[in-house]
Every structure is written in structure tokens, then in C-alpha cells.
Amino acid sequence: MNKTFGIFLLLIIGLMAMPQSAFSQQTRKFPVNSQLGNLTAVSFPLFVINNQEMQMGPGGQIRGIDNLIILPNAASYVGLIRYQLDIMGNLHRVWILTPDEVKEAENQGQQILR
């Protein structure tokens with residue numbers, strides 16, 4: 001009885017540890033036309049990315065490292081991002097990147113435009 005309980009307990013612990021390690025290695029998939037950028041200032045609806053002032057377009061979204069939407073007027077992040085422009089040249093999507101996502105973008109040949 002004790003041996004069965006021990007095996008069961010080890011199985012439960014192993015199953016609990018698996019999803020955590022699997023999620024920690026996942027990176028988000030970004031649209032092909034998204035670009036790597038350096039966000040240096042936010043004064044909604046204006047963002048300074050790669051020393052260029054850009055305006056958030058209608059329906060624009062900012063997503064945090066957990067991929068949850070951040071309200072644009074609450075965004076105060078400064079650092080590396082990926083961004084996508086709409087057809088009018090306004091910001092459409094902004095993703096705040098994790099260090100792993102920055103490395104992945106650099107490995108894909110993405111560079112910060114200056």
C-alpha cells in the first residue's frame with residue numbers, strides 16, 4: 001500500500017512539474033510584418049519607437065509579456081518591443097517582449113531600425 005502511494009505521489013509531482021517547464025520555453029508567434037523596436041517614451045496616443053514618433057491608431061493594442069492587453073493610457077513600459085503598423089502607418093499592435101523573444105527575433109535576423 002505504501003509503495004503504491006509513493007508511486008502515485010511521484011506521478012502527481014511529475015505531472016505538476018511538466019506544464020510549468022513546457023510553458024516557460026514557449027514564445028509567442030508574431031505576424032511576419034511585425035518589426036523589432038526600441039520603445040523609449042509613451043504619452044498616449046504618441047509612442048517614440050526607434051527615435052521616431054508614432055501614433056496609436058483606432059483599435060490599437062498593447063500586449064504585455066503575459067500576452068494580456070494593457071490599457072494604452074496605463075502603458076509606461078520602456079524597452080524592446082515588436083510592433084505592427086496599420087494600413088495608414090499608425091501603430092496597430094505593440095508587444096512587450098521577454099528576453100527569450102528578443103533573442104529569437106535577433107536569431108531571425110530582426111534588427112532595431114535607427
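**The largest cavity**

The largest cavity holds about 30 Å³ of space, a volume being the space filled by probe spheres set on grid points joined across faces, edges and corners. A cavity is a set of points, on a 1 Å grid over the protein atoms alone, where a 1.4 Å probe fits but cannot get out; lining residues have an atom within 4 Å of a point. The structure holds one cavity of 30 Å³ or more.

This is a predicted model, in which local features need pLDDT of at least 70 and side-chain atom pairs count only at pLDDT 80 or more, while totals for chains, interfaces and linings use all residues. Residues are numbered from 1 along each chain as its sequence is written, and side-chain values use heavy atoms, with hydrogens and water left out.

The lining consists of Leu39, Val42, Phe47, Ile62, Ala75, Tyr77, Val94 and Ile96. These divide into eight nonpolar, no polar and no charged residues, where Ala, Val, Leu, Ile, Met, Phe, Trp, Tyr, Cys and Pro count as nonpolar, Asp, Glu, Lys and Arg as charged, and the others, Gly among them, as polar. At least two lining residues come from each of strand E1 (35-43) and strand E6 (91-96); helices (H or I, at least four residues) and strands (E, at least two) are DSSP runs, numbered from the N terminus. The protein has two helices and six strands, and from the N terminus on its elements run α-β-β-β-β-β-β-α.

Technical notes
1 Å grid on protein atoms, 1.4 Å probe; cavity = no way out; pocket = protein on both sides within 12 Å on 5 of 7 lines; lining within 4 Å.
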